[in-house]
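Visitor: I would like to learn how to read the nonpolar and aromatic features of a protein model. Could you take me through one?

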Amino acid sequence: EHCTTLQHTSLWRRRLKNFQVFSYLRERLGASSLVRNFVMIATASMVGQVILIAVMPLLTRLFTPAEFGIAATGLAGAQLATSVAGWRFEWFVPNAKSEPEASRLLMLATIALIVIVSLLVPFIWMYFDDSIGQSKVFLFCIFLCIVARTGVKIVESWFVRVANLAFVSVGKLINSIVEAASSLVAGLAGFGAAGLMIAYALAPAVAFGFLFTVLWVRQWDAANRPNFRGIEISQVHQTWREYHWSATVATAASAVNSMSMTMMLFALGYVFDASQLGFFALVRRMTLMPVSLVSNALSQSFWAQAAKQVREGKYLQLRSSYLRITKLLGGASIVLATVCYLASKLIIYVFGSQWAPAGPILIAMIPYLIGLLMFSPTNHLIVFNRQDLQIFIDGTRILLVLISAVLALKLNLSLVITVWLMSISSLIGHVLLFLLQLTLQNRLADRISPGG
């Protein structure tokens with residue numbers, strides 16, 4: 001037994017020495033690609049989020065609440081534009097029937113990115129506002145953020161297809177490190193809101209550079225990389241004809257979903273001033289960091305598995321995984337709510353006295369965070385080609401958030417009450433989406449034999 005222990009220790013040392021931790025995890029976790037990919041994504045995300053959380057008490061002393069609020073608005077705008085920039089052709093890469101077709105979809109996504117970003121430039125420039133300070137730099141960073149974030153999503157779609165997310169994990173870690181370092185530098189230099197926006201844009205740009213280098217320049221796993229050689233224009237046109245309508249619906253669904261996620265920020269920015277928006281932006285950012293640790297990792301891992309199970313017609317297995325994971329996330333949501341309540345009492349000590357109003361806002365956001373953690377990771381209607389349902393539910397969520405904003409204006413509600421109403425609205429949308437997807441899975445599972 002002692003000899004066996006020494007052998008395992010020696011193996012660990014060799015693995016760590018050669019930077020083969022991901023290989024070790026793949027061997028130890030066996031055939032479950034969902035578990036392997038989740039562990040890799042979650043590990044990288046955890047380290048990255050710890051880095052970002054660790055520097056946040058410094059950033060709250062380098063930037064004012066108003067600067068946080070302005071930068072959060074710019075980032076939200078970039079996220080909204082990113083949802084349409086690739087016309088969502090990359091969403092269909094994991095489900096493509098063949099490798100050549102998947103490669104053509106990547107090509108279409110890239111073409112769409114170039115065209116749409118070119119069209120967005122004049123609209124972004126119309127956002128110019130001298131009151132922001134260094135607004136030309138601010139707006140350029142929004143533009144760069146859109147390009148980089150979309151590029152990352154396009155490249156990641158291929159790694160999702162081959163169910164190998166090791167490099168995606170490293171990309172996420174690089175993104176967090178660059179954002180933390182550049183935010184600190186910008187804060188020390190006194191760049192204000194533009195400095196935060198520089199960090200938000202530079203981080204995905206560096207991550208994209210890494211993923212692009214791995215996939216194409218370094219010729220990672222040549223048998224599983226995109227192959228654009230020999231692709232004819234007629235083939236690309238045929239793929240466009242086959243997918244353009246589904247991609248258009250997916251883009252609409254993505255835009256509405258992104259709008260539903262950012263509408264709280266935009267609506268609060270319309271009702272309240274930049275400083276109050278900054279309190280919400282800090283809480284939103286700090287809470288989304290740990291929640292995304294599980295949500296994003298599980299989302300990509302479950303998407304990879306769900307796409308494969310749908311292609312193979314294994315709907316019973318998909319439904320079983322869906323319900324099992326949702327129950328586990330329900331338990332995690334209880335822990336999350338408890339942690340948020342306790343953390344609200346510590347904000348003034350961690351971030352400084354000027355951020356005291358953020359405590360009650362954190363409590364008001366608990367319903368929003370529960371919906372995001374419990375239901376969002378496993379809702380992938382794209383694998384069923386039912387983005388129309390996604391548009392309907394997200395549209396309902398946007399409407400409820402807007403109603404909350406109108407009530408805040410008419411009744412002169414406080415920021416905390418308004419955030420609570422919007423959080424409840426978001427949770428209702430997530431629950432409706434869960435019920436719709438479960439109904440769809442039940443219908444598909446009933447069409448096959450129990451052995452399917």
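**Reading the nonpolar features**

Guide: Let us start with a helix: L119 sits in helix α5, which covers residues 99-125. Bear in mind that this is a predicted model.

Visitor: Is L119 buried or exposed?

Guide: The relative accessibility of L119 is 54%, and the cut-off for exposed is over 50%, so L119 counts as exposed.

Visitor: Which residues form a nonpolar patch on the surface with L119?

Guide: An α-helix has 3.6 residues a turn, so residues three or four places apart point the same way. Here the patch is made of I111, I114, V115 and L119, and together they have about 380 Å² of accessible area.

Visitor: And the interior? What should I look for there?

Guide: In soluble globular proteins, nonpolar side chains tend to be buried together. In this model the largest nonpolar core has 120 residues, and F280 and V419 touch the most other members. Helix α10, residues 274-311, supplies the largest share of this core, with 14 residues.

Visitor: Which residues does V419 contact, leaving aside its neighbours within four places in sequence?

Guide: V419 is in contact with M264, L268, F280, I361, A364 and M365.

Visitor: How many residues of helix α14 are buried?

Guide: Helix α14 spans residues 366-374, and seven of its nine residues are buried, so this helix is largely enclosed by the rest of the structure. The buried ones are I366, P367, Y368, L369, G371, L372 and L373.

Visitor: What does L288 touch, not counting residues up to four places away in sequence?

Guide: L288, which belongs to helix α10, touches Y368, L369 and L372. Take L288 and L369: they are 81 residues apart in sequence, yet their C-alpha atoms are 7.8 Å apart in space.

Visitor: How do I read a pair of aromatic rings?

Guide: A pair of aromatic rings is described by the distance of the centres and the angle of the planes. The whole structure holds 10 aromatic pairs. In the pair of F159 and F167, the ring centres are 6.0 Å apart and the planes lie at 45°, so the pair is tilted.

Visitor: Are F159 and F167 buried, exposed or partly exposed?

Guide: F159 has a relative accessible area of 0% and is buried. F167, at 24% relative accessibility, counts as partly exposed.

Visitor: Which residues do ring pairs link into a cluster?

Guide: The cluster consists of F63, F68, F279 and W355, linked by ring pairs.

Notes
Residues numbered from 1 in each chain as written. Predicted model: local features only at pLDDT ≥ 70, side-chain atom pairs only at ≥ 80, totals over all residues. Heavy atoms only, no water. Core = buried A, V, L, I, M, F, W, Y, C linked by side-chain atoms within 4.5 Å. Buried < 20%, exposed > 50% of the residue type's maximum accessible area, 1.4 Å probe, protein only. Helix = DSSP H or I, 4+ residues; strand = E, 2+ residues; numbered from the N terminus. Contact = heavy atoms within 4.5 Å. Patch = residues over 30% accessible without salt bridge, like charges linked within 9 Å, V, L, I, M, F, W, Y side chains within 5 Å. Areas by Shrake-Rupley, 256 points an atom, 1.4 Å probe, with all protein chains shown as cover. Salt bridge = Lys/Arg side-chain N within 4 Å of Asp/Glu carboxyl O. Phe/Tyr/Trp six-rings, centres within 6.5 Å; stacked < 30°, edge-to-face > 60°.
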